[in-house]
Structure formats: C-alpha cells, structure tokens
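Subject: Structure handover

Hello,

Please find the structure below. My notes on what was found in it follow.

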Amino acid sequence: MSIDMSQFHQVFFEECFEGLEAMESGLLSLDIGDIDSEVINTIFRAAHSIKGGSGTFGFTVVAGYTHIMETLLDEMRDGRRQVTKPAVDVLLGSVDCLREMLTSIQNEEDVNAASVAKHQAALELELNGSSGGGEQTAAPVQEIVHVPVIVEEPEEEEEEIPEEQGWKIAFCPYLNLLKTGNDPVRLFRELKVHGELTTNVNIQDVPPFAELDPEECNISWELKLVTDDSEATIREIFSWVEEDCALELSPLAKPKKIKKAKKPVAATPVIEAEAVKVENATPPAPAAPVIKKPAVETDASKNAPKASSSIRVDTDKIDTLINMVGEVVITQSMLGLIGENFSMDKVGLLKRGLAQLERHTRDLQQSVMNIRMLPISFVFSRFPRLVHDISTKLDKKITLKLVGENTEVDKAVVELINDPLVHLIRNSLDHGIEMPAARVAAGKPETGTIELKAYHRGGHIVIEIVDDGGGMDKNRLFAKAVEKGLVEESTILSDKQILELIFMPGFSTAEQLTDISGRGVGMDVVRRNIQSLGGNIDIISELGKGTTIAIHLPLTLAILDGQSVAVGDETYIVPLVSIIESINITEKMLNKVAGKGETFKLRNEYLPIIRMREIFNVKSGAATKSNEGVIVVVEGQGALCGFLVDELLGQQQVVIKSLEANYRRVEGVSGATILGDGSVALILDVPGLVRLSVR
Amino acid sequence: MSQENKTTAGDDTAQKSSDTTIQYLSFVLGKEEYGVDILRVQEIRSWEPVSRVPNVPYYEKGVVNLRGAIVPIIDLRERFSLSKAEYTPLTVVVVLQTGNGSLTRIMGVVVDSVSDVISVERSEIQGAPDFGTKVSNEFINGLVSVNERMVMLLDVDKLLIIENMDQSEG
C-alpha cells in the first residue's frame, strides 16, 4: 500500500508555519517571571505537532530538531526549569531556524546544515548548561518519557533479542473511526495472520463513564508484530482506516542505536518516538470542528519558487455562499418560468423577479469577495517579533500596540502590504523612537510606543503607524534635500510638501547607515508599492511629538471604482482614485508649448494635456475640435496632468480582468473590464499613460 | 456553419485512432484552405464586434468577452497578409487554445468560414516547403492533400508564441 504522501505536504507545511507563528507569538507574550502555563502549553503543543508531522513525512532533520526544543519546553512546562530571557531568545532563534528548514524542504532545497547546527548547539547548551534540575543533563531523551501511556509490559525482552524480526506499530484511531464502520479488532485479527502479535492498549484518553460517547474511539494501541513481512504488507491491512487514524510503523530489529541510547534510562517504560506520536495524534481529533484559520503565507514574497498558494476559508462563509447560490438558482428558474410563455400581464412579475435577481447577485458578489478577505492580523502578527528583535538590538525600550487586527482586507492586499509595512515600522523603530535617555530628557516616558492601527473608512482600509518619537525636523529635511540636490534652496515648500520629500528617491536623513534602515532606498519604493495597490500614503509629523503615517488602501483589488469616459466610439475606464477633478475646457485655457506640447491652466498651475484620441490612435467617431471636450485631471506618479476625452459617461464599479492572461501587456492599460452590455472596456493605467506621453 | 462545439464531435473518433491519424478542423481564407489540430479548437463563434486595443499590430483586432475571460481576436487574413475581407454575420471566429505547461491561453482567429473535419494519417503529412511567398511558413506544420485540395496545417502554439514575441519587441 503506497500512497503519495507528497499530496499532503502543502497542508503539512501550512500547519507547520501556523504552528511556528503560534510558537512565536506565544514566546513573545511570555512575561518573564510571571509565567502563564497555558502559554507554555500552547507553545509546547505547536512544537509537538510539528515534530509529529515531520516524523510522519520523513523529515527527520526537523523532527530531531524539534525534539530538542520540545524537551526544553517540557521542562519549562513542568516547572522544572525557569523561563529565562536567554532561554526564550534561544527558542525564538529555533523558531526561525525551523522556519528556514521547512522553507528549504518545501522548496526542495538542501537544508542549511551550518545554521541548523548552530541553533541546535545553542539549544543543547541551554538544555544542558543551565537546567533547572540535575538529572536532565544526563539524558535529554528521557524527558519525553513522562507521556502517560499505559504499557502492560516493559520492553526489556526486546532488548535481549535484537534479532527479532517485525514491526512496532503505533495505531491511534481518531474519534470517528468507529463511525466509519471500522473495527480495530478486525484489524488485529488480520495482523495476527502475519505473525505473533502483542498489543498494548492505551486508555488514558477514555473519559469518565458519564461523558463517554460509545460511538467515539478513545483508545489507542501500541502493537508489536513479529513477522517477516514487509512494511507495505502491514500498511495494506490498515489501508481502510488510513484516513481515520495516525499510524506509525517502525522495525523491531533495526533500531539498535535507539536501544543504546535508552539503556541508561533504566526501568522507565520507554516507548520512544512512537509514544510521543500517540500523544501527538490524539489532540487534533477532539479539536476537529474548530473553524480553521486561513493559511499563513510566510514570507511569500521572499520565496519565489513556491507552490500554488491556497487559502483556508471559514466554513460559515462557504455556507453563506451556498445559500446565495441556491437563491440565485431559484430566482433563475422563476424567471425561466415567466419567460416560457410570456404575456404582457406578467411584466410586473418579471420586474419583481429581476429585482430579486439583482439583489441576490449583489449578495453573491459580496460573499464571494468575503472569501478572499483575511483579517489584517496576518500581517500584524509578525510585528511584535520584529519590534522585539530590533528594539533589543538598538537598546531602545519600545512597546507595540496593535489596534483593529480583525479588520478584514483582501488576501492580495495582505500579501503585498507586508513589505512596505515592515519598512515603515523599521523606520519608526530606528529613526522615530529616541533612545531611553533622550526620551526621559524630553519629559516623555522612557518606553516608546508604536501603535499599529487598522480600520475601515468608506471603501478603504486605513493602516496607521503612530509613534511617539522625535518626529521629523522639517528644517533638517529641507536642508538635506537641498544638499542632495533634490530641490533648489530658493523653492518655497509647504509643510506637507517638505514631509513628502522623504518619498523622493535617494533621500535619507540618517547620519549613519545602519543595517536596519537609512540607505535612502525605501520610502520611494514604499510609496510606489502602495500606489501600485491603488492606495496612497500620508505623513503627519510634529517635531518632538511623533509621526503618524497613514496608508489608505482599497479593500479589494478585484473591484475598482471607475469613471467611464468616451473617446470616439470607444469607452475607457479611469480609476476614480486617481481623478482629482474634471473640467470643461475653453479655448483660452489651452496653451501650446514650443508648438507641440499642450498645457492648460488650472488655478495658477500649468498642467500638461494628454489627448487620449492621439495617444490611443482613435479614429472612430467625429473628431473633437481642439477646444471641445472634457479634461480629466489625474494624478499619476506624484504629478498632475490632464486627459482630454470626448465625454464623461458615468461612474461605476468595475470588475478588473487581466488582459495578460490570454493576451499581452499593453502600455497605458492596466486591465480590462466587462461593461453592462457585455462589451469589453480597457482600464487606463494612469502612471503608465503619463510615462507614455512623455516619450 | 452552426456554432456548436466542434471538439466534442471530433473527440470520439480522434481517440480511437489517435496513434496514426490526427483530426484537423479545416477552414478557408480566401481561396486557401488551412487546418488546425481539432483538439486545440475550443469553440466556433460568429463574428461580433471587438473592443479595439490601442497601439498593437493591425492584425490584432481587439478583445472580446468570452464568458468572463478577456480573449484577443486575431485576423488570420491580415496576419498572413492576404487581401482584407469585410466582416459579415457569416464570418467565423475559431477559438483556439494553446498550452505550454500549466499556462494555457485562449485566442480567437477570424477566418472566412470553417469547412470540414479531416482525418489525416501521420504519414500523409508532407513537410512545408519554402513557399517563397508572403505567407510565412513558420506557422505551417506541414501540407496534406485531401480530395485534391491542398490543406496547410497550422501550428497553433507557434501562432501564439509569435504574438507574444511581438510584445517584447514593442
């Protein structure tokens, strides 16, 4: 019986990364001195699942490594070891190391052995060097033995006869095994045919009689089968229950090494890894109806060669969706009936049906959109760690406050907003918050605060990064910009414009370059990234009080508010976010520059005009005279400019469709959409058009 | 020509003898007859107005909405530099798909009319000679003679790859 294990890998990795995330947040929330045992338990469980899973899939490096971590955690859990800051730091390092290992395995690369060895050494040092009790130093393996598995006979005899051929089977049915019509007894009977069978039953999970559900299987087994048959043969027997149990097979004769290791462990009934797995396999079962959290894409952007991304969806959302679809189908058949033998007296019915259809369609659209919505906490959750690490490195005292983590936003936005946010937080940490001494001197609390807020406003999500640090010195910013030749000294800029200087390429006020920030690449990239998501970024800063950076983003990337405009017979969509205003032109507003370039005057500012008809070679329709038409004033790449179109048609929400999926990238066009009449309209790429017109 | 999906009609026979024979959908451009592998044909539609895409080669007529997907329409007459024909309600668009690996693309080609489904023995296919004509023979897989008519067999993948290469040049 061979099943392709690789089909489960994706799920395994997702669960592992989720587990790591849980461990990380748990470790960070550990308050040294006042330990919440529940938190340690959470961390322990996560480590344990990772270990079990990686063992199952044969990622022994990971399993071995996690094992050491688990040992350490177990001691903490039992109170045999003090939770110290160094220990927590070592564990955090281990989480990183594990993440690295798993990522390499996922990408089918070689695990970086040097880094693993380094972390492992640190772990072992922590484990052996400063252990709480005395006996742990001797045999760390022993630590897992406390797993309360009832073993009828200690495996002493096994050690005497290492030649014994056969298999050790850890068979741990999930609660629902019996419900699928399988009976373990039958399996054992089948096993017996193949050789001499010894069973050890583990009943520690059996609830008190009053709570016992006879349809649930709370028992697990430790089987020993003396046989010459191959592993495949044994697995074959379990093939029917494979999905309803955790099954571990290990040869009886082979593990000589393990035996050596366990000899000093004397009389304790040693069950080694299997025992651990038995315990490991049990907890998931009672937790089955848990609503699953959406998958975490760890560092998705950094690991390019990744398998297809997946998304875990709350079952509630799916149920709603199915409901909606049901409604739509009903309405559709109702309309079908009306249409079959239509007469004018049914117009009222038809109208009502159409109204219903419209409502259902809108609901359906909304619930489909909802599936892609993830709480922003997927991004936020990694910042406590970042702040922890960097503030330690910088010797600053900083607390991070997260507000509105449950604000939901499109998955694509979640993935793309991460890098810009990391950059901004690093900036706040490095440049924003002052050193503790400076803060005290300025009459502020020693500990700085960075607040990360997310909330909805209109059709947008707003993410704010608020720090109570030093703020930005506008005079210094201006001086720096002049020094770098970015602006003329004589230029007069408003406060807001001065702050905007930091978005210029090559601008950095940091006196020193650190490895955290200050290379002068960055803010311009941040702004570009955010604009490419259809958002914008604002800064408010007061010297000595702090800085607030607000990012406005559309809730979804799949739908866009657009203004449809007519150029000749063709219809184009201009994204509403980039439109400042639209005005009717009059002859005297137009000016020619050097006979070619056209500008118009808008409130004391001369803006370039882009004639859509020319740039897109539109030949259809009556040519607009030079002094007719509408100018749509848009902002692209920080500069204003005017698109000259024939007519404004109307505002509507449009669904963005890719032009590249079947076709090609077209300059000046960011995508396409389907209009109400079924025809295709192109969506303008405003920055792209501005670039195109310059050429 | 009805608008029914030709692939399903051809599938059964194609699978029976797929080793030695290949089925082609033949269509007419002016006086010339061309064939495409029928398994690449997704559907056959009548011509309907397209939305023009600015600043692309003249033979790329524009894009249409094919059940939610944006699909480019290419005029094969113009692509092969044949004389231009007026689009009439009888003008037909053959929707082809190409797959290189996981990436499949869909494209519509405008032809005068579709004529037949032909079964061709592999051995009957002749290599494409150098025409020395305007018709670039890079798209032509081979020639085959059916009832004294010459049918040029087109390589769908190459047709599409050329379209995409234009993009990197421009």
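The model is predicted.

Helix α19 of chain A covers residues 523-532, and its buried residues are Met523(A), Val526(A), Arg527(A) and Ile530(A). Viewed down the axis of α19(A), these buried residues fall within an arc of 95 degrees, so they line one face of the helix. What do they pack against? The partners are α15 (411-432), β10 (536-542) and β11 (546-554), which belong to chain A as well. Just after α19(A) comes Gly534(A), whose phi is positive, at about 85 degrees.

For chain A as a whole, there are 21 helices and 22 strands. The chain has 695 residues, of which 33% count as buried. Taking the contacts in chain A between residues at least 6 apart in sequence, 70% join residues at least 24 apart.

The helix pair is α3 (residues 60-77) and α4 (residues 85-106) of chain A. Their axes are 11 Å apart and they pack at an angle of about 170 degrees. An angle over 145 degrees counts as roughly antiparallel, and α3(A) and α4(A) are therefore roughly antiparallel to each other. On the α3(A) side the contact consists of Val61(A), Val62(A), Tyr65(A), Thr66(A) and Met69(A). These meet Leu91(A), Ser94(A), Leu98(A), Met101(A) and Leu102(A) in α4(A). By class, the residues of this contact divide into eight nonpolar, two polar and no charged.

In chain B, the element to look at is strand β1, residues 21-29. Seven of its nine residues are buried, so β1(B) is largely enclosed by the rest of the structure. Which strands does β1(B) pair with? One is β8(B), residues 113-121, joined to β1(B) in the antiparallel sense over eight bridges. Within that pairing, Ile22(B) has Val120(B) as its bridge partner. Another is β2(B), residues 32-37, which runs antiparallel to β1(B) and is joined to it by six bridges. Here Phe27(B) stands opposite Tyr34(B). β1(B) and β2(B) form a hairpin with two residues between them. Gly30(B), in the turn, has a positive phi of about 60 degrees.

Regards

Note on methods. Residues numbered from 1 in each chain as written. Chains lettered and ligands numbered in written order. Predicted model: local features only at pLDDT ≥ 70, side-chain atom pairs only at ≥ 80, totals over all residues. Buried ≥ 20, exposed ≤ 12 C-beta atoms within 10 Å, placed from the backbone. Helix = DSSP H or I, 4+ residues; strand = E, 2+ residues; numbered from the N terminus. Arc of directions from axis to C-beta. Contact = placed C-beta atoms within 7 Å. Pairing = 2+ DSSP bridges. Axes fitted to C-alpha atoms, helices over the stretch in contact; angles between N-to-C directions. Parallel < 35°, antiparallel > 145°, perpendicular 65-115°, else oblique. Nonpolar A, V, L, I, M, F, W, Y, C, P; charged D, E, K, R; others polar.
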